[in-house]
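This briefing is meant for a reader who is meeting the structure below for the first time.

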Amino acid sequence: MVLYAYDPGHYPPPQSRNIRFKKMTREQFEQWLDTVDSNHDGYISRKELYAALDTLGLHFKTWKSWRAMKRCDKNHNHAIDLGLERKKLIDYAEKRWHIIVTN
């Protein structure tokens with residue numbers, strides 16, 4: 001028996017392949033980031049970011065959370081602070097994760 005790449009038992013249909021996560025506006029993403037901070041200390045740790053990306057249904061969550069921390073954590077305290085680092089995370093998510101839709 002020959003299985004082809006377009007066999008429905010092996011791959012999702014092409015139209016639904018990249019639509020696993022919800023697109024949102026910048027304001028909705030900022031509100032969503034408020035819920036990411038699970039221990040309410042005002043910082044977003046890498047573990048919290050990983051769990052948040054898991055709820056969105058993104059692939060490669062470990063890589064994406066590590067890379068976001070590397071790019072956005074400017075004071076190297078292993079957490080995203082409020083203010084400039086949070087703005088950098090929002091810009092990074094818009095550019096790299098393609099979650100944010102600008103209207």
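Helix α3 passes helix α4 in a right-handed crossing, as seen in this model, which is a predicted one. Helix α3 covers residues 61-72 and helix α4 covers residues 84-97, and the two pack at an angle of about 130 degrees with their axes 9 Å apart. The points below begin with this pair and then turn to other helices, an aromatic pair and a record entry.

**Helices α3 and α4**

- On the α3 side the contact is made by K64, R67, A68, R71 and C72, while α4 contributes E85, K88, L89, Y92 and W97.
- Sorted by class, the contact of α3 with α4 holds five nonpolar and five charged residues, and no polar residues.

**Helices α2 and α3**

- Helix α2, which spans residues 46-56, packs with α3 at an angle of about 135 degrees, and the axes of the two helices are 9 Å apart.
- That angle makes α2 oblique to α3, and α2 passes α3 in a right-handed crossing.
- The contact is made by R46, L49, Y50, L53 and D54 of α2, together with K61, T62, K64, S65, W66, A68 and M69 of α3.
- By class, the contact of α2 with α3 comprises six nonpolar, two polar and four charged residues.

**Helices α1 and α4**

- Helix α1 is formed by residues 26-36, and its axis and that of α4 come within 11 Å of each other and cross at roughly 125 degrees.
- The helices α1 and α4 are therefore oblique to each other, and α1 passes α4 in a right-handed crossing.
- From α1, the residues R26, F29, E30, L33 and D34 meet R86, K87, L89, I90, D91, A93 and E94 in α4.
- The contact of α1 with α4 divides into five nonpolar and seven charged residues, with no polar residues.

**Aromatic pairs**

- The structure holds three aromatic pairs, and one of them is formed by W63 and W66, whose rings are 5.3 Å apart from centre to centre.
- The pair of W63 and W66 is tilted, with 35 degrees between the planes.
- Both W63 and W66 lie in helix α3, where they are three residues apart, or about one turn of the helix.

**The record entry**

- UniProt, in an unreviewed entry, lists residues 24-59 as "domain: EF-hand".
- In the model, the span of residues 24-59 is 61% helix and 6% strand, and its end C-alpha atoms lie 18 Å apart.

Note on methods:
Residues are numbered from 1 along each chain as its sequence is written. This is a predicted model: local features need pLDDT of at least 70, side-chain atom pairs count only at pLDDT 80 or more; totals for chains, interfaces and linings use all residues. Side-chain values use heavy atoms; hydrogens and water are left out. Axes are lines fitted to C-alpha atoms, for helices over the stretch in contact, and angles run from 0 to 180 degrees between N-to-C directions. Helices (H or I, at least four residues) and strands (E, at least two) are DSSP runs, numbered from the N terminus. A crossing is left-handed if the near helix is turned anticlockwise from the far one by less than a right angle, and right-handed if clockwise. Contact means heavy atoms within 4.5 Å. Ala, Val, Leu, Ile, Met, Phe, Trp, Tyr, Cys and Pro count as nonpolar, Asp, Glu, Lys and Arg as charged, and the others, Gly among them, as polar. UniProt positions are given in the numbering used here, feature names are shortened, and annotations may be inferred rather than shown by experiment. Rings of Phe, Tyr and Trp (its six-membered ring) pair if their centres lie within 6.5 Å; planes under 30 degrees apart count as stacked, over 60 as edge-to-face and the rest as tilted. Angles under 35 degrees count as roughly parallel, over 145 as roughly antiparallel, 65 to 115 as roughly perpendicular and the rest as oblique.
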